[in-house]
Amino acid sequence: MEQLIESICGSRGSISELEKIGNDPNFVFENDPNFDTVILFDTNNNIINVNSWLECANYVNGGWVGKQVETFNGEQFIFFVSISLFVIYFSFKKLVKRGVKQF
Amino acid sequence: MLFPWSIRSNNSIIPAISIEESTVGYYQTNTCDFSLQEILSNNFNNKIEILPDKNSSVKCFGKINGVDNFSDSIKVYVGTNMNVDFLLQSLFFLLLVSTIPKSENSKNNYLPLISILFFCGLLYVHLEGERMFYEYFSKNFNLNFTVDNYFLLSLFLICILTLIIFNDLMKDRFSNFLNYLPFMFLFVGTYNTLNINIFVLFIAFIGFKSFFENKYNKKIFLVYLVVSIIQIFNFKESVLLFDIDKLKGFVNSSQTIESLIFWIIVYYFLISGILYLINESKEFFNFSLFIKNLLISGTIITAISFLSALNPFLNFITYYYLGLNKAGIKSFNSVEGNTWRGIGSSAEALGEFYGFVILITSLGILAKKIKLNKITLLLLVVNFYGLYETNNFAALLTLFLLISFYVLISLKLVNRFSIITITLIITVFVSLLASTVSYDLYSEALLSEGYIATDLNIELPKDQYNNTAVENSNFGEILQYPKDQTNISNSLYLFTERYTSVKNIKYIPNEIAVVSFIAKTINRSEKWGVFLAKYNPNLGNFLFGHGPNQLSEYYLGHKTKVNTGLVLPHSSFLDFLIFYGLFGLLFIIFIISRILYINRKNYLYLILNSYLLINFIKSDSILYVASFTLFIFIINFYKIENKSTNSNE
C-alpha cells in the first residue's frame, strides 16, 4: 500500500501522517498549493480531485486508484467481431454462389 | 495490416513525441495512449528497439505499453494480445493462402464440420496442456466452460472460422499447394502469443482428411500408435517450463500429459498431411515453378532481413506478420559471436535453406535442363549472397561436393575405379588431418565437454598442478565414484565406460574416440558434449523416446551447468533420439535407407536427400517447421519423380 500511495501521490509525506485522520469524519484536508492536483477513481469510475498529499494518501488507502477501472471486456469484443466475420463470410459465400448461378 | 496498429486511445489528447532518454518517463506515465503508428512519424529513424508486450489487454493492443531505457538502446513495448493475435494473424495467413493460384484440376476436398470441431477440440487440449506457458502471457487465461468465458469462446470461434475458410480455400488450391511450399521459409507462420504454427495446423488438418478417407498406411499407423501408448505410459508429469525461444510453434513448452497427447496427434497428422498432399497432387507438381518459388523465397528473405535490420518498425512488423519465431537480427553483421541469421531463427537453418535452393537449381539445370532467365539468375546470385552471409561452411562444402559428384555421374566418370580413387584421397586427407592435430585432444574432446557441462555433486581432488580429473581428461578416475553421488547422466557415464574400457581391440580406434574426433572436426564437440551431459533417459525413454517435440524433460530433467538459455543438441539425429528413442531412430534410419536404396539410380533424388541428411548430422533442422516439412517432402520426392518418368514413358 505504501508503494501504491507513493506511486500515485508522490513521496511528499509519510504514511504515519494518516494516523492524524483516524476515524474523524469531520477531518478537513487543507489544500497544498505546492501539490499538483491528482485525479483519483473508485471502482464505479467516480472521480475525485485531491489537492494535498495527505488527502491523496487517504483516498488511495481507501481503495481509490489513479486510473479508471477497466470496464471494456476485450475478449467479449473479439468474440463479437469473430461472430460478425462469420456472418460476413457466409453471406459473401452465398452471394457469390447466387451470382455464379444467375450467371 | 497496419490498421490495428493505428488505433489511438479515445481519452488521450497528448501528442506523441520523439522517444529519447529524456522522454522515456513521458511514455512510462502515459501507457496505452499512443498507437505504434503515432510514434512512427516522430521516431522512424530513432535507435529504439520495438518489442511485443505479450501480456497486454485487448484495449491496449497496438499501443505503446511501456518504454525502458537500457544502456545499449531504448526498448519500446507494443501491446499484443492472444485473442487478437489469433484472429489477426490467422486472417493474414489465410489471405496468403488465397494468393496461391487456383488449380483447375483440384478435387473436391471438403472436410465435414466434425473434423473442424475435432481440431478446435485439440486446440483446447493444447491450451490446457501448456497452461503454465499461456498463463504467463494472458492475464485473462481461463479455460472454464462457462457461457461468459469470452476468452475461450473467442479462441474457439476463431479456430472454427479459420479452418472453415482454409477448407474452402483449399478446395481450389489443393493441387497447387506443393508448388508453393518454399514460401513456408519466408512466411514462417508462428503466432506471436501462441505456441502454435499455423502451417502445422493447416497441414495436420489436411492429414486428418487422409485418415478420414482411409488413405493412410495402416502398418505405420499401428506402429506409431503402439509407440505413442508406450510413451504415454512412460511419461512423468512435472512442473517444468521449457524456454521455447526460437523453437516457438513446434516444440512442447510443458511436461504434461495433455500437451504430450496434443503433439503426438498433431505430429502424426502433420506427416500424414504432407504425404497426402504428395500422393494426391503429384501429377500437378511443377519442378520449374518449385525452383522459381524457392529462388523468390530466398531472395525476399534476404531483402527483408536487411530491411528489418535497418528499421525497428519494419523489424517488428515483419516479425509479426511473417510469423517469425523470433525477431530478425538487428544488424547486418554477426553479433557477439552469433552468425548473421537475418529473419531466420537460426543462421545454420537459413544457410542450409540457401544451400538447398542453390543445389536444387543447379540440379534442375543439369538434370532437367531448366533454363534460367536473367531474373532467375539474379535471384540465384542473391541466394548465393545469403549463403555467404550465414557463413555456413558445411552447407557450402556439401553443396560443392554433391554438385561435383552429380557432374561426374552425368559425364559417366563415376565408376569403380574413380570411387576407389576418391575414397583413397579422402582417407589420405583424413589421415593427414589426424596427424596435424592431437589425436588425444580430439578423441577426448567430446567427453571433456560433457564433464564441463556436468554439475558434479562431488569435489574432485586436484593434483600438484591444481587440475582435477576432468581437466586432465582422466575420466576413468571419475568412474571410481559411485554413480548416484556424481550426478553424471546415463549417456555420459556409458560413453565414459566405453572410452575407458580395457576391452578395446588393438589397432582399432575406440568408437567413442572416433565419434569425438568427428565431433571436434565438425565443431560439434561442445554441443554434443552438452547433449551427453543432459541426456539422462530411463530405459523406456531411451528405447522409445519422450515423445514428438518433447524437449523439456531432456533439457531440464537432469541438472547440469547448462540449464538456462537454449543449448540444443545440434544434430537432428540426436533430436530424433530424444523424441523417439533408439527404436524410433533405427526405424527411421532403416526406412530412409530402404527408400534411398530402392531409388539409388535416381541421382537427383539421392543428391537432394544426401544434402539434407548430411546437414542433419550437425544441425537441428527437424525442430523447425519449414525444414521438417521440406525434409518429409524431399524424402518422398521419388513418388513425384516416378510419376514423371511413368508419364514420359
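## Strand pairing in chain A

Val38(A) lies opposite Val50(A), a residue of strand 2 of chain A. Strand 2 (residues 47-50) runs antiparallel to strand 1 of chain A, and 4 bridges join them; strands are DSSP runs of E, at least two residues long, and helices are runs of H or I of at least four, both numbered from the N terminus. Pairing requires at least two DSSP bridges.

Buried denotes 20 or more other C-beta atoms, placed from the backbone, within 10 Å of the residue's own.

## Basis of the model

This is a predicted model, in which local features need pLDDT of at least 70 and side-chain atom pairs pLDDT 80 or more, while totals for chains, interfaces and linings use all residues. Residues are numbered from 1 along each chain as its sequence is written, and chains are lettered from A in the order in which they are written.

## Contact between the chains

The contact takes 13 residues from chain A and 16 residues from chain B, contact meaning C-beta atoms, placed from the backbone, within 7 Å. On the side of chain B, helix 3 (82-98) and helix 6 (150-173) each give two or more residues. Helix 6 of chain B gives the most, with 8 residues.

## Nonpolar core

The largest nonpolar core has 172 residues; such a core joins buried Ala, Val, Leu, Ile, Met, Phe, Trp, Tyr and Cys residues through C-beta atoms within 7 Å. Helix 9 (residues 257-281) of chain B supplies its largest share, 15 residues.

Notes
Contact = placed C-beta atoms within 7 Å. Buried ≥ 20, exposed ≤ 12 C-beta atoms within 10 Å, placed from the backbone.
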